[in-house]
Amino acid sequence: MGTMAINIKYYPPCPNPSITIGARRHYDVSCITLLFQDNTGGLYVQGTKGDNWIRVNPFKGAIAVNIGKSLQIMSNDRYKSIEHCVAVDSRRARISVPLFVNPSLNSVIGPFPQMLKGGEKIVYKHVLFSNYWDYFFRKRPSGKASLDFAKI
Ligand SMILES: O=C(O)CCC(=O)C(=O)O
Ligand SMILES: [Fe+2]
């Protein structure tokens, strides 16, 4: 069984958005993050070539699903985690509610055999999730290089 954690985030209006950031660029350590957001907007994800930020426009009733680093390991890179950040708005407050779905701390994570195509090279070893968690948060703020911990 995994664990779930919910955050409730309030971003007040900010008079100077060009020199302020709501949430720094980072990856999530989770398997997946379900993100409920109001209609203010402000979430950006990194484009796949790593050179542009794409605005995730809020859509009434929609839940944004973000892949985290743990699912990237479990899927042997088939599902890649995405870097994201939050910009603030000069006039409008924003509320977002991310629900993080994580492996339990005492579980061992690694590529699922069912996820591997025939002959696919395994790129991650099995690691205790609590050790990976510690490593990830020692590498604050971004989690960017955290996959090194599990790389073969
Ligand atoms: O507020 C948001 O839209 C995203 C928050 C986030 O990325 C996080 O809490 O990890
Ligand atoms: Fe995040």
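The second largest pocket has a volume of about 190 Å³. A pocket here is an open set of points on a 1 Å grid over the protein atoms alone, with protein on both sides within 12 Å along at least five of seven lines, and lining residues have an atom within 4 Å of a point. A volume is the space filled by probe spheres set on the points, which are joined across faces, edges and corners. The lining of this second pocket includes R25, Y27, Q46, K80, E83 and K144. By type, two of its lining residues are nonpolar, five polar and four charged. Ala, Val, Leu, Ile, Met, Phe, Trp, Tyr, Cys and Pro count as nonpolar, Asp, Glu, Lys and Arg as charged, and the others, Gly among them, as polar.

A word on the source: this is a predicted model, in which local features need pLDDT of at least 70 and side-chain atom pairs count only at pLDDT 80 or more, while totals for chains, interfaces and linings use all residues. Residues are numbered from 1 along each chain as its sequence is written, chains are lettered from A and ligands numbered from 1 in the order written, and side-chain values use heavy atoms, without hydrogens and water.

The largest pocket holds about 680 Å³ of space. It is lined by 35 residues, and K9, H26, D28, H84 and F100 lie nearest its centre. Strand 9 (94-102) gives the largest share of that lining, five residues. Strands are DSSP runs of E, at least two residues, numbered from the N terminus.

Which residues coordinate the iron ion (ligand 2)? They are H26 (NE2), D28 (OD) and H84 (NE2), at 2.1 to 2.2 Å. Donors are N, O and S atoms within 2.8 Å of the metal (3.2 Å for Na, K and Ca), and water is not among the atoms, so sites may look incomplete. D28 sits in the loop between strand 3 and strand 4, and H84 in strand 8, 56 residues apart. Both D28 and H84 are buried, meaning under 20% relative accessible area with a 1.4 Å probe, protein chains only.

Four strands form an open sheet in the order 3-8-5-6, with antiparallel pairing; two strands pair if DSSP finds at least two bridges between them. Its edges are strand 3 (23-26) and strand 6 (53-55). Two bridges join strand 3 to strand 8, and H26 stands opposite H84 there.

How values were computed
Buried < 20%, exposed > 50% of the residue type's maximum accessible area, 1.4 Å probe, protein only. 1 Å grid on protein atoms, 1.4 Å probe; cavity = no way out; pocket = protein on both sides within 12 Å on 5 of 7 lines; lining within 4 Å.
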